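Take a look at the protein shown here. This report walks through its folding, its helices, its inner space and its ring pairs.

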Amino acid sequence: MSVALQMGIIVGYLLLALAVGLVAYRLTDRTAEDFYLASRTLGTVVLLFTTFATLLSAFTFFAGPDIAYEQGPEWILVMGLMDGIIFAILWYVIGYKQWLLGRQYSYVTLGEMLGDRFASRRLRGLVAGISLLYLFPYVMLQQVGAGTALEALTEGAVPYAVGAGLITAFMILYVVVAGMRGIAWTDTLQGAFMLVTTWIALLWVLAAVGGPGAATSALERETAGHLALGGGLYTPQWMLSTAITIGFGVAMFPQVNQRFFAAGSKTVLKRSFVLWPILCVLLFVPSFMLGAWAAGLEVAIPEGENVLPVILAEYTPVWFAALVIAGAMAAMMSSSDSMLLSGSSYFTRDLYRPFVDRDLTERREDLLARIGVVVFATASFGASLINPATLFELGDAAFSGFAQLALPVLVALYWRRTTRAGITAGIVAGQLFYLSSLFLAVVPDTYAGWTAGIVGMGVSLVVTVGVSLVTTPAADERRAIYFEHTGSD
């Protein structure tokens, strides 16, 4: 009964999302800008929740509670508070500047903006290539998660490959039809759904065990170390490194960075970044505290199982547990659909257009973008069947990898003296350092407790500034556009 109910809820959600996509399709112009950015018309609620649902995917339901179960609730400080505040600041510092420039010069991608700023196709292609390098395995990991969850949900009746393939086929259909407008509308519903169900789950479990006091007392008896700040994994250096690299990495994620261009107005953008930390706390507190409290409850968590589904199955009705797990599945898809759209735009706008066909028309680009979604999704599905270890490592490292782009971009946005050679060298140096720490044993992955990700950010900053100081800007670099006509509406 529970399997049939869960599958029914998942199918119901898929049909609802497809219906929203069809409505959005009827309102969509057949242009690349509308397909990628909904013609830059997103309002506060939609912009906030589509960013929210795109980022806070299955991690919120599975990985986060699992970490809190093993290590303690400090993840609330890292992700819910520190990272929420850091990204909100970057949303204004980077996002507002990008929005102003995007509105004036019709930029769609980060690479397009930087390529125009420094009159460099190679820089544009470099940013797109790096972004696709990390984005591809991250999409694949969502497909792996969805296929694995469906296989477990149906107790093997739906094999992993079939489940991942079905989810991929649905995402292709939905993204190709809906574009950014449909994705944003569905993400808004999904974000609200995540908030409500997670809080209900927390209150339901607490009521069943006697309240937060009883749950905390049980945790103290079983694993008192969970309540001590800074124990185990959570050293100050690790917490700061993680929060900073995630916050800066999120700002460079293609599916997030493009949303900086999609806001309907300056007011929309400013309201969104003010509300962002509140939204993060509201979601991470219940999900991570459920994982932390679970360590003190008399519930056996089988090895390899995720904590949250086991706790829900123990303390909540079958139908509600099914609803939350279905929400986790939907969360995976709410991340993947935006990644597919962004991956297609980076390929089409930053690789195909400048290097293959500079005279690409809007209508043809719109068609090519939809084809790109199919190719990108199909390729990542094929990789998900092979599961190469290097792809998983890149997926896990995506946040820090994207963070290596952040400081060179920030310098380029605000420092007039930045040169083409400087930003290119800074990006390359940061990436080489960070990738070396992942794949070369001779390069350490920590430095006095600080992660290689944050050290690599420092390398990228120093190289960008240093090379810019000793090089002369090329005559065709459009430096002025970044410091003129961007201070007002």
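The sections below go from the overall picture to single residues.

## Ground rules

This is a predicted model, in which local features need pLDDT of at least 70 and side-chain atom pairs count only at pLDDT 80 or more, while totals for chains, interfaces and linings use all residues. Residues are numbered from 1 along each chain as its sequence is written, and side-chain values use heavy atoms, with hydrogens and water left out.

## Overall picture

The protein has 19 helices and 2 strands. Both kinds of element are DSSP runs, numbered from the N terminus: helices are H or I with at least four residues, and strands are E with at least two. Of the 489 residues in the protein, 58% are buried. Buried means under 20% relative accessible area, exposed means over 50%, and partly exposed lies in between (1.4 Å probe, protein chains only).

Now for contacts, meaning heavy atoms within 4.5 Å. Take the contacts with a separation of 6 or more: residues 24 or more positions apart account for 86% of them.

Helix α10 covers residues 236-252, which is 17 residues. Its first and last C-alpha are 24 Å apart, close to the 24 Å expected at 1.5 Å a residue. That expected span is 1.5 Å times one less than the number of residues. Helix α10 is mostly covered, with 13 of its 17 residues buried.

Helix α11 spans residues 254-262. In α11, 9 of the 9 residues are buried, so this helix is largely enclosed by the rest of the structure. Among them are P254, Q255, N257, R259 and F260.

An α-helix has 3.6 residues a turn, so residues three or four places apart point the same way.

## Space inside

How many cavities of 30 Å³ or more does a search of the whole structure find? The search finds 3. A cavity is a set of points, on a 1 Å grid over the protein atoms alone, where a 1.4 Å probe fits but cannot get out; lining residues have an atom within 4 Å of a point. Grid points are joined across faces, edges and corners, and a volume is the space filled by probe spheres set on the points.

The largest cavity holds about 50 Å³ of space. Its lining is made of Y13, A17, F170, Y174, T186, M333, S334 and D337. Three helices, α1 (2-26), α8 (160-209) and α14 (318-355), each supply at least two of the lining residues. By class, the lining has 5 nonpolar, 2 polar and 1 charged residues. Here Ala, Val, Leu, Ile, Met, Phe, Trp, Tyr, Cys and Pro count as nonpolar, Asp, Glu, Lys and Arg as charged, and the others, Gly among them, as polar.

## Aromatic pairs

Rings of Phe, Tyr and Trp (its six-membered ring) pair if their centres lie within 6.5 Å; planes under 30 degrees apart count as stacked, over 60 as edge-to-face and the rest as tilted. By this rule there are 23 aromatic pairs. In one of them, the rings of F52 and W276 have centres 6.2 Å apart and planes at 80°, so the pair is edge-to-face. F52 lies in helix α3 (residues 44-55) and W276 in helix α12 (residues 266-294), so the pair ties together parts that are 224 residues apart in sequence. F52 is buried at 0% relative accessibility, and W276 is buried at 3%.

The rings of Y105 and Y107 have centres 5.8 Å apart and planes at 20°, so this pair is stacked. Y105 is partly exposed at 22% relative accessibility, whereas Y107 is buried at 3%. One aromatic cluster is formed by F49, F52, F87, W91, F260 and W276.

T188 sits in helix α8.

F35 is in helix α2 (residues 32-37) and is buried at 1%. The residues F35 touches include V175, G179, L341, D366 and R370. F35 and S345 are 310 residues apart in sequence, yet 9.3 Å apart in space, C-alpha to C-alpha.

G147 belongs to helix α7 (residues 121-153). Is G147 buried or exposed? G147 is buried, with a relative accessible area of 0%. G147 touches Y160, G163 and A164.

How values were computed:
On a 1 Å grid over the protein atoms alone, a cavity is a set of points where a 1.4 Å probe fits but cannot get out, and a pocket is an open set with protein on both sides within 12 Å along at least five of seven lines; lining residues have an atom within 4 Å of a point.
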